[in-house]
Structures are given as structure tokens and as C-alpha cells.
Amino acid sequence: MIGSGGAGLTAAISSAEEGCSVTVLSKTATGAASATSYSSGFFTFPDEDLSAGEYRDLVRGVGKNLSREDLLEALGEQARDCLLQLRSWGATLRFLGGGHATVIDSARVPMTSGSGLVSELREIASDKGVTFLENVFVTRLLVEGGRVFGVDYLDWTTGEAGRLFSKAVILATGGAGQIFLRNDTPARVTGDGYALALESGLALEDMEFIQFYPLGFDEPRFPCWMIRLPVLDLARLTDGSGREFLREEMKARGLRDGMAVSLFARDMAARIIQEKLADGGEVLLHLEDIERSRWGEWDLRKSLGCYPHGVTPWEYGPVHVSPLAHYFSGGVAIDARASTSIEGLFAAGEVTGGVDGASRVGGNALTGMVFSGITAGRGAARLALSASPRPFKQGEGPRKSGFTRGRGPSPRVLKDEIKRLNQECLGPLREEGSILRGVSTLEEYRRSLPAMTIEKPTDLLEALELRSLILASLAVGYSALSREESRGVHFRTDHPREVPGFERPQEVRIEGGRFVTRFKDR
Ligand SMILES: Cc1cc2nc3c(=O)[nH]c(=O)nc-3n(C[C@H](O)[C@H](O)[C@H](O)COP(=O)(O)OP(=O)(O)OC[C@H]3O[C@@H](n4cnc5c(N)ncnc54)[C@H](O)[C@@H]3O)c2cc1C
């Protein structure tokens, strides 16, 4: 198992339950620095109030008809059972009715409910005999003859390289929010799984579809953190002239409150906020509107994400806000059994693509994560238990770092340059000229990274992540360039409307050293 967020841990537990010997490799402490631990712990799934058919229609509609039907079918049928399975293992999960569930009561770190889920899953996995290998960065999938044999890794705290053979491997490395300067994901969410997949010859699909959360603090005095959309019901969002431009759009679209925007229309909200900013305007959230009697309410403090920083933003008056990179809809192509096209290689969680299409229903990432985690875990275990061992023939030893040490810039400086570039060129509003500029600069980084100063272990980790950032960014850039239309979260100012011929998923891969894209038949 590569990764110990929700996908990796649910996969590990279900594999162990099948009687398999499981090792989870994480590039930090188990479960730490995962998007799952930062999450709000809110699920959307079919239940007695939302039939499987209604759920599929919802996901398909919000995803602008790009969701893969085989995955939607399986998710609609199995999501509820997967969540019940999670609860039967001992995870705290409250079913709310109306097609939703939450882990809110299990939070051990008050702000981020997801951290409660992660610590529970870690304990359950440990009780089932799962082994954890921490602070190891997986640098390569061992693939030969269309089959996976294990992984190479580097312990970034010591610099030692290692190799682990396995009959099945599950990629559960999460998304790549950190390719952008403005994001609300943990610092280690750097797209490593996308890079591992691309370098193994796999295709990624729908990489142009990156969800930007509409509201994030955009003032140096506040942390770069999302502000949950239900706050819109307590505080006005205006431009510099005081016009409630988002409220007007919500009314026109029949979106009755902030929760409706959060569930169904994050793409619209992020786009019109970003357009306002691109025109040189301001976007202000009037936190001073929040009644004094409500300031201490736990939900509100959590909703504003200010608890751990001791900040009380409502005492400052209006604050500047702008969208933040939040979630990758696209990723490694899997089938309904969570298998990739490499034999023995499965994938689960945000690193995969296909369910969301062009935009995601709020709460559906965690549902997809649990479904694909459990499915991949079972599938990998069955394969591993039935397959006979085969020798891996490649002669070379474990992969080392893959970059040059020297007296050049620190990897952190280069990462920041790339994040700034992506923010400008591949952010919420895109057009051909800026995408081309982004892609050609990224290609230069790919061709000739300068020698880097590596002084401490975290420099080594950052240098390893740099390669992932570059490859993940290029996958996004080339995909965004080819999709000459606007759909869901992908907004091209030079092609501002949906174009019927583009109602197809797109894949991107590396062939002969070059990125190539292709629209697929549905
Ligand atoms: C602030 C925030 C709030 C959210 N709230 C919700 C919500 O309420 N509902 C919802 O549906 N979705 C939500 N999401 C999205 C959802 O949390 C994520 O999509 C989901 O948790 C991803 O889980 P994952 O296991 O796939 O990846 P992660 O949880 O990110 O885990 C990835 C793991 O892979 C490891 N890893 C990565 N690369 C390597 C490598 N090279 N070698 C070894 N290990 C590696 C990491 O260390 C980590 O352990 C939210 C996202 C954010 C950022």
C-alpha cells in the first residue's frame, strides 16, 4: 500500500481481513499530512432518502456528463455498504439521512474532523496486523512485462534506498493541491502518485479538472485556509462596491443557501469570484455581519478554520477572499474493481479519476475514497493470495534520488517558483497563451533541473517531490490546453462555453518521453 490517508488505510484493513500480509508505506508518519486528515469528514452517498439512481444522476449532472458509467454504477450500488463496513470496523460515522454522513463526532483534533477518522483507521489497521513503514518516499513502481512486482523507496531521513517486492501494489497517494501557490491541502500533497503512474506508462484521465474551493482567506494575517460555504448564510460576500454578486447568481440558479453551493455549484462560485478578481476587483466576506452572540459557536469557529491559530477574523471586519486549489477530479484510470491496466497494480482515492468528471458533488470524495479503498484492498488481496511468485528480472538496484546535488537553489525555492507559475498559468481561469507559457516553462524544468543544495533531510524530501510537482503540473497543463471549451471546473476565457464535441473524457500519458493527450470514446 502506498499512502496512509483514508484510501490507503481502508485498503490495508480490507486486504488484511482477507488474510493478506500488508505493508503500508508513507512518506511521513502514518496518516499524517494526508488530505483525509484535513477533511471536514462529510460524505454524500445513496441512502434511504437518496436512491442509487438519484445519486448517479446527481454526480453525472454536477460532473457535466463526463463521469464514467461503470464506476458510477458500482459506486451507486456499493457506497452505502462500504460506509457500513467502515462503521462495523469501529470508525465513528454518523448517518444523517438525506444522502449524507459525517465523522464529526470522532474528531480528536478539534478543527479537522478527518484527523479523527485517520487515527481510528490507523488503530484498526494496526489491530489487524498491518505493518507500517514510515518516512519512506516511493520513488518507482517495479513494472516488467505489464505486471507490477513491488516498489523502490528512499528513506528521506537517512538517504537509504530500499526495495519491497509484493504480488500486488495499491497506489493511494492522494491528489496534488500543492502544485498551486494557493491551496488548502497539506504540504505533502504533491502528486507523487501521478508521477509514478506516468513514469510507468499509465494514462491519467481528466487532469484538467481541478476543483478550486470558492472561499479562502486571502490576507497575509490569516492562514491560507478554506472558509466553508455555509458561512455565506451568515455574512455578505460583496465586491468593492458592496454588490452581492454571488447571491445574485445563486438566486438566478435557484441555489437557496451556502450548503447548496457547497454541494452542487463550487465550480460556478469559484469562477465568478475569480473573474471579479481578474477584473481588478476585490471580493470581501463581511465577517462583521456575524452576530456577536454566535462568535463562540463551535461550528462557526470550525467553519472559519480559525481555531488552531487563535485568530478570530470577525473582529477584523471584511476580509479579502479568493479560491484555493482543493481537489483533483482526475487521475489514474481504474475499472470498477479499482484495477489499473498494469497487472497487480490497483489504485484508490484521490489519485484516481473517472467518478467526478468535470466537477464534484460536495462530500463525494470521501465516499469514492472509501469505496475504491475497500474495493482495491479486497481485489489486491485475492490476487496476491492466488498468484504464484515470479522473478523480477531487471538487474539494476533500487532507484536513488534522480537529481543532482550541488550549490544551486534549495528545492523549496524551485517548488515555490513552479507553484507561482501554475497559479498564474493553470489556475481557475485559463487561456491558450498562459497555458502554453506554463507548459513550456515546466518542460524546461523537466529537461534541466539545476543542481540543488541539499543540507537537511527535509531538503531531500522536497527534492523528491519536485519531480512529482513538475510531472503532475505538465499533465494538467497539456490536458487544459487540449480541452478547448469550458466545462465544470475547467474554465477557458478564450473558449467560455461548453462545446458538444468535447463531452468526452481525456487521457494524458508520456510516450517516447513526450506528453500526449487523447480524447476517449465514451
Ligand atoms: C481541507 C479539505 C477538506 C476536505 N473535506 C472533504 C469533505 O468533507 N468531504 C469530502 O468528500 N472530501 C473532502 N475533501 C477531499 C478529501 O479529503 C480527499 O479527496 C481524500 O481525503 C483523499 O484521500 P486519499 O487517501 O486518496 O489521499 P490522502 O488522504 O491525501 O493520503 C495520501 C497518502 O499518500 C502518502 N504518499 C503520497 N505520496 C507518497 C510517496 N511518494 N511515497 C509514500 N507515500 C506517499 C501521503 O503521505 C498520504 O499518507 C477535503 C479536502 C481538503 C483539502
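Predicted model: local features only at pLDDT ≥ 70, side-chain atom pairs only at ≥ 80, totals over all residues.
Start with the rings. A pair of aromatic rings is described by the distance of the centres and the angle of the planes. Rings of Phe, Tyr and Trp (its six-membered ring) pair if their centres lie within 6.5 Å; planes under 30 degrees apart count as stacked, over 60 as edge-to-face and the rest as tilted. The structure holds 9 aromatic pairs. One of them joins F149 and F392. This pair is tilted, with 5.2 Å centre to centre and 45° between the planes. It links distant parts of the chain, for the two residues are 243 residues apart. F149 sits in strand β7 (residues 147–155), while F392 sits in the loop between α11 (364–386) and α12 (411–425). Such helices (H or I, at least four residues) and strands (E, at least two) are DSSP runs, numbered from the N terminus. F149 and F392 are both buried. Buried means under 20% relative accessible area, exposed over 50%, partly exposed in between (1.4 Å probe, protein chains only).

F217 and F222 form another tilted pair, at 4.9 Å centre to centre and 35° between the planes. F217 has a relative accessible area of 1%, so F217 is buried. F222 is buried too, at 6%.

Charges also meet rings here. A charge sits over a ring if NZ of Lys or CZ of Arg is within 6 Å of the ring centre and within 35 degrees of the ring normal. R271 lies over the face of F491, 4.9 Å from the ring centre. R360 lies over the face of Y327, at 4.1 Å from the ring centre.

Y327 leads us to the strands. Strands of a sheet pair through backbone hydrogen bonds, either parallel or antiparallel. Two strands pair if DSSP finds at least two bridges between them. Y327 in β15 stands opposite Q211. Strands β11 and β15 (residues 324–328) pair in the antiparallel sense over 4 bridges. In a regular strand the side chains alternate between the two faces of the sheet. Both faces of β11 (residues 210–213) are covered. I210 and F212 are buried on one side, Q211 and Y213 on the other.

Back to β7. This strand belongs to an open sheet of 3 strands, ordered β6-β7-β8, with antiparallel pairing. β6 (136–144) and β8 (160–165) stand at the edges, each with a single partner strand, so one side of each is left without a neighbour in the sheet. The twist averages 25° from one strand to the next. Axes are lines fitted to C-alpha atoms, for helices over the stretch in contact, and angles run from 0 to 180 degrees between N-to-C directions. β6 and β7 are joined by 8 bridges, and L141 stands opposite V151 in β7.

Helix α14 lies across β6 and β7, running at about 45° to β6. Which strands of another sheet does α14 (residues 457–482) lie across? They are β10 (204–205), β19 and β20, with α14 at about 40° to β20. That open sheet has 5 strands in the order β18-β16-β10-β19-β20, with mixed pairing. β18 (352–353) and β20 (514–519) stand at the edges. β19 (residues 506–511) and β20 pair in the antiparallel sense over 6 bridges, with Q506 opposite F519 in β20.

Look at G353 in strand β18. Its relative accessibility is 3%, so G353 counts as buried. G353 and D206 are 147 residues apart in sequence but 6.7 Å apart in space, C-alpha to C-alpha.

Finish with helix α3 (residues 52–62), whose buried residues are Y55, R56, V59 and V62. Seen down the axis of α3, these fall within an arc of 140° (the arc of the directions from the helix axis to the C-beta atoms), so they line one face of the helix. They pack against β2 (42–44), α4 (69–89), α8 (258–264) and α11. Contact means heavy atoms within 4.5 Å. Just after α3, K64 takes a positive phi of about 55°.

How values were computed:
Residues numbered from 1 in each chain as written. Heavy atoms only, no water.
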